[in-house]
Structure formats: structure tokens, C-alpha cells
Amino acid sequence: MAGILDLLNSDLGKQIISGVSSSTGNDNSKTSSVLTMALPVLMKAMERNAATPEGAAGIMGALSSKHDGSILDNLGGLFNGGVDESVKQDGAGILSHILGSKQQGVQQVIGQKSGLDADAVANILKVAAPLLMGVLGKQSKENNVTDSSGLGGLLGGMLGGNDAANEQSFLEKILDADGDGSVVDDVAGMFLGGDKKESGGIGSLLGGLFGK
């Protein structure tokens, strides 16, 4: 199963980055940085939510109805002339549901690391969230995911599994951001000045971003 960051490096991912960039008025490089950091965080948050029966049922319901992957079938139409406001409202609702009280802290941390303000990050994520749900919806259909166990496996697989402790620790730290910015130094410290080299996956990509 392809990981979520593999998706960003694919032709589909490049189309998403370009479309989100143009629709939010941010350059491709910074939009790519935001999505590279944010999408694993959003997926980790969903993995947390899916660990409860209520959370899993909510996500499964969304994937089997509104977010079935069809949004990915016409990205040209989605981005041409600007993303429809209803898509952004949907994205805002997804972010609120997934991140809850952590939303502002997550946006602030990602903003400081990407060189954008939190509002710009929020605008990017409002457009990206429905696309992420579409990716999950498409993957859930292709993998015949029908229950919470399958959903947990799908999310874990797209995150790259649980074998890299530093990657999981990074995602947990971001999700525990409380908006005061103090977590930024802790997160950056995980990737700056250390001798350990990440072998791949989320850690290596994020490490490359944070190391600059």
C-alpha cells in the first residue's frame, strides 16, 4: 500500500500541490512543505480517532458516503477558477472534527516550520482535507475496508506502520501542540544536530524540511 507521502511525490500528488497552491495564493514549494508536514499529522489524528468505536464509525460513515474518492476524478474541474466555497467549508469541518482543540496549535507549528502564517496554513488545509479524505475513501474501497480493524490497518499502512519510533513521536508531539509555540523547539530538536540518520519514510522527509 502506498504511503501518504508517496502520494505527494506521484503525478496525482503534484497535481494536488499545484492546485492547492494556486487556489490559496501560496507558492508550490511552501504548499508542498505544508502538505508534507500536515498530511501525516492529519492521518495520525484519524488513527487516534479510529481507535474508539465511535470514532471509527464516524470515519467509516464519511468514507462510504460523501468521501468515497470521487473528488479525485476531476481535479481540473475542482481547481479551475478557484475551489468552491462549499469544498473549503467541508474541509474546515473535517479539520475541526479530526483535530479538535489541537487545530490551532498544529497550524501554528506547521506555519512556523514552513514560513507561512497560521491563517495561510489553515487555508491550505481546508482545501487539502477533502482531498485527503477522498484518497482514504478510494483506498478503503480498493482494499475492501468494512470495519474498524480494517480502517486502523489502512491508516497505519498509509502512515508507514509503527516501526519508526521517531516518526510516531514527531506526529504525537505535533498533535499535542497547545498553541503556545513551545513544542516547535522540541520538534525541531528531534531533527537538528543529531547523529542518527533516518532511513526513509516520514522521518527522512520531515527531517529534510526541518534541517534547513
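Visitor: How many helices and how many strands are there in the chain?
Guide: This is a predicted model. Read along the sequence, the pattern is α-α-α-α-α-α-α-α-α-α-α-α. The count for the chain is therefore 12 helices and 0 strands.

Visitor: What percentage of the residues of the chain count as buried?
Guide: A residue counts as buried when its relative accessible area is under 20%. The chain has 212 residues, and the share of them that counts as buried is 48%.

Visitor: Among contacts in the chain with a separation of 6 or more, what percentage is accounted for by residues 24 or more positions apart?
Guide: A contact here requires heavy atoms within 4.5 Å. For contacts with a separation of 6 or more, the share from residues 24 or more positions apart is 75%.

Visitor: How many cavities of 30 Å³ or more does a search of the whole structure find, and how much space lies in the largest?
Guide: Rolling a probe the size of a water molecule over the atoms shows where empty space is left. A search of the whole structure finds 1 cavity of 30 Å³ or more. The space in the largest cavity is about 70 Å³.

Visitor: Which element gives the largest share of the lining of the largest cavity?
Guide: The lining residues are I4, L7, L8, I16, L35, L39, A128, L131, L132 and V135. The elements that give two or more residues to this lining are α1 (4-8), α3 and α8. The largest share, 4 residues, comes from α8.

Visitor: Is L8 buried or exposed?
Guide: L8 is found in helix α1 and is one of the residues that line the largest cavity. Leaving aside neighbours within four places in sequence, L8 is in contact with G13, K14, I17, L35, T36 and L39. Because its relative accessible area is 6%, L8 is buried.

Visitor: How far apart in space are L8 and S32, C-alpha to C-alpha?
Guide: L8 and S32 are 24 residues apart in sequence. In space, the C-alpha to C-alpha distance between L8 and S32 is 8.1 Å.

Visitor: Which backbone oxygen does the side chain of T31 reach?
Guide: T31 lies in helix α3 (residues 28-50) and is buried, because its relative accessibility is 0%. Not counting residues up to four places away in sequence, T31 touches I17, V20, S21, N26 and I124. At 3.0 Å, the side chain of T31 reaches the backbone oxygen of D27.

Visitor: What separates the C-alpha atoms of P40 and L159?
Guide: P40 also lies in helix α3, and its relative accessible area of 0% makes P40 buried. P40 and L159 are 119 residues apart along the chain. The separation of their C-alpha atoms is 6.4 Å.

Visitor: Which residues does A129 touch, not counting those up to four places away in sequence?
Guide: A129 is found in helix α8 (residues 118-142), and with a relative accessible area of 2% A129 is buried. A129 and K88, 41 residues apart in sequence, are 8.7 Å apart in space, C-alpha to C-alpha. The residues that A129 touches are G91, I94 and L95.

Visitor: Is Q108 buried, partly exposed or exposed?
Guide: Q108 is found in helix α7 (residues 103-114). The C-alpha atoms of Q108 and D119, 11 residues apart along the chain, are separated by 8.6 Å. Because its relative accessible area is 23%, Q108 is partly exposed.

Visitor: What is the phi of N144?
Guide: N144 is found in the loop between α8 and α9 (148-159) and is exposed, with a relative accessible area of 62%. Most residues other than glycine have a negative phi. N144 is not a glycine, yet its phi is positive, at about 55°.

Key. Residues are numbered from 1 along each chain as its sequence is written. This is a predicted model: local features need pLDDT of at least 70, side-chain atom pairs count only at pLDDT 80 or more; totals for chains, interfaces and linings use all residues. Side-chain values use heavy atoms; hydrogens and water are left out. Buried means under 20% relative accessible area, exposed over 50%, partly exposed in between (1.4 Å probe, protein chains only). A polar contact is a pair of N or O atoms within 3.5 Å; within protein, one must be able to donate a hydrogen and the other to accept it, and residues adjacent in sequence count only if both atoms are side-chain atoms. On a 1 Å grid over the protein atoms alone, a cavity is a set of points where a 1.4 Å probe fits but cannot get out, and a pocket is an open set with protein on both sides within 12 Å along at least five of seven lines; lining residues have an atom within 4 Å of a point. Grid points are joined across faces, edges and corners, and a volume is the space filled by probe spheres set on the points.
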